[in-house]
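This briefing goes through one protein model by topic. Please keep the sequence and the coordinates open while reading.

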Amino acid sequence: MGLLTIIRKARLKEKQVRILMLGLDNAGKTTVCKAILGEDVDEVSPTLGFNIRTIVHQGFTLNVWDIGGQTSLRPYWRNYFEQTDAVVWVVDSSDRARMEDCRRELHELLKEERLVGASLLVFANKQDIANAMTVDEISSALELSTLSSSHHWDIQPCSARYARLTAPSPASSDSPPGSAAPASPAASLSKVDPRIMKGLDWVVAEVGSRVYYGVQNSAVAPEAVRPAALLA
Ligand SMILES: Nc1nc2c(ncn2[C@@H]2O[C@H](COP(=O)(O)OP(=O)(O)OP(=O)(O)O)[C@@H](O)[C@H]2O)c(=O)[nH]1
Ligand SMILES: [Mg+2]
């Protein structure tokens, strides 16, 4: 067993997970992070470098690298590949015009040797927008099934602006007089789309299983790869 393998196993045993969050610009990567952390999703601007966010989920510490997706920044993505346990690829499901760009960038990314064996979670974000592409349409447009020989993958539909969508408007309370006060907008801001949390569940289950059954970033034998989306 090589030294790097030993280090990776030790890190996973400590339940430290390194996640790269990538995707085209405007996909909603930063907003997804903010939603998970219960921050105000209205306060977001394009990421010009990267943000590191720490998310504790099911006893795992997820170190999430949220990296800017603008075209000029994409050549720098490779600086972050080392020791990646999982890639979270965020898609703007309403951006039909750039879905082919999205497919190309994803497949280029996953050719990278340092990412072989890293699990892939696709967030089909912005499902709240009318006429957003469905999970099936996005899976097909991104040709996810062709990635099965090298990566475990799953796809989750979601909306990072779920908190905003579900926040009660101040004038809309229909509580009878004397009843408990309705949830304040601030309280509802901390709500996150449960489908995002389901995606994180999948990531920790995937990465956690390697502690016992294998080591991340080793080449995965094709027969061992079973996309969760197909198992459901
Ligand atoms: N309707 C809707 N808008 C969203 C959603 N998620 C993000 N947005 C909006 O999409 C825009 C881009 O969001 P960001 O989180 O900055 O996107 P990003 O992927 O981090 O972009 P870069 O940092 O440039 O790579 C913002 O105006 C967000 O408010 C969503 O689920 N629904
Ligand atoms: Mg961003």
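A residue counts as buried if 20 or more other C-beta atoms lie within 10 Å of its own, as exposed if 12 or fewer do, and as partly exposed in between. By that rule Lys15 is partly exposed, because 17 C-beta neighbours lie inside 10 Å. The model is predicted. The points below cover the annotated positions, the helices, the strands and some loop residues.

**Annotated positions**

- UniProt, in an unreviewed entry, lists Thr30 and Thr47 under "binding site".
- These positions are spread over 18 residues of sequence yet cluster in space, with a largest C-alpha distance of 7.6 Å.
- Thr30 is found in helix H2, residues 29–36, while Thr47 lies in the loop between H2 and strand S2 (50–57).
- Thr30 is buried because 24 other C-beta atoms are within 10 Å.
- Thr47 has 18 C-beta neighbours inside 10 Å and therefore counts as partly exposed.
- Apart from neighbours within four places in sequence, Thr30 is in contact with Val44, Thr47, Asn51 and Asp66.
- With the same exclusion, the contacts of Thr47 are Thr30, Asp66, Ile67 and Gly68.

**Helix H2**

- H2 is mostly covered, with eight of its eight residues buried.
- The buried residues are Lys29, Thr30, Thr31, Val32, Cys33, Lys34, Ala35 and Ile36.
- Gly38 follows H2 and has a positive phi, near 70 degrees.

**Helix H3**

- Helix H3 takes in the 12 residues 99–110; at 1.5 Å a residue these should span 16 Å, and the end C-alpha atoms are 17 Å apart, which agrees.
- The buried residues in H3 are Cys102, Glu105, Leu106 and Leu109.
- Viewed down the axis of H3, the buried residues fall within an arc of 100 degrees, so they line one face of the helix.
- An α-helix has 3.6 residues a turn, so residues three or four places apart point the same way.
- Glu100, Arg104 and Glu108 are exposed and sit on the face of H3 turned away from its buried side.
- The cover over the buried residues of H3 includes strand S1 (16–22) and strand S4 (86–92).

**Strands S5 and S6**

- Strand S5 (residues 119–125) and S6 run parallel and are joined by five bridges.
- Val122 stands opposite Ile155 in S6.
- Between S5 and S6 the chain passes through helix H4 (residues 135–141), and this β-α-β crossover is right-handed.
- Strand S6 (residues 153–157) is mostly covered, as five of its five residues are buried.
- In a regular strand the side chains alternate between the two faces of the sheet.
- On one side of S6 are Trp153, Ile155 and Pro157, and on the other Asp154 and Gln156; both faces are covered.

**Strands S2 and S3**

- S2 and S3 pair in the antiparallel sense over eight bridges.
- Arg53 stands opposite Val64 in S3.
- The two strands S2 and S3 form a hairpin with two residues between them, and Gln58 in the turn has a positive phi of about 50 degrees.

**Loop residues**

- Lys15 lies in the loop between helix H1 (3–13) and S1.
- The phi of Lys15 is near 65 degrees, which is positive in a residue other than glycine.
- Gln83 lies in the loop between strand S3 (60–67) and S4.
- Gln83 is also a residue other than glycine with a positive phi, near 65 degrees.
- Because 16 other C-beta atoms lie within 10 Å, Gln83 is partly exposed.
- Asn131 is found in the loop between S5 and H4.
- Asn131 has 7 C-beta neighbours inside 10 Å and so counts as exposed.
- Asn131 and Asp95 are 36 residues apart along the chain, and their C-alpha atoms are separated by 9.8 Å.

Terms used. Residues are numbered from 1 along each chain as its sequence is written. Chains are lettered from A and ligands numbered from 1 in the order in which they are written. This is a predicted model: local features need pLDDT of at least 70, side-chain atom pairs count only at pLDDT 80 or more; totals for chains, interfaces and linings use all residues. Helices (H or I, at least four residues) and strands (E, at least two) are DSSP runs, numbered from the N terminus. The expected span of a helix is 1.5 Å times one less than its number of residues. The arc is that of the directions from the helix axis to the C-beta atoms. Two residues are in contact if their C-beta atoms, placed from the backbone, lie within 7 Å. Two strands pair if DSSP finds at least two bridges between them. A crossover is right-handed if, with the strands pointing away from the viewer, the path from the first strand over the helix to the second runs clockwise. UniProt positions are given in the numbering used here, feature names are shortened, and annotations may be inferred rather than shown by experiment.
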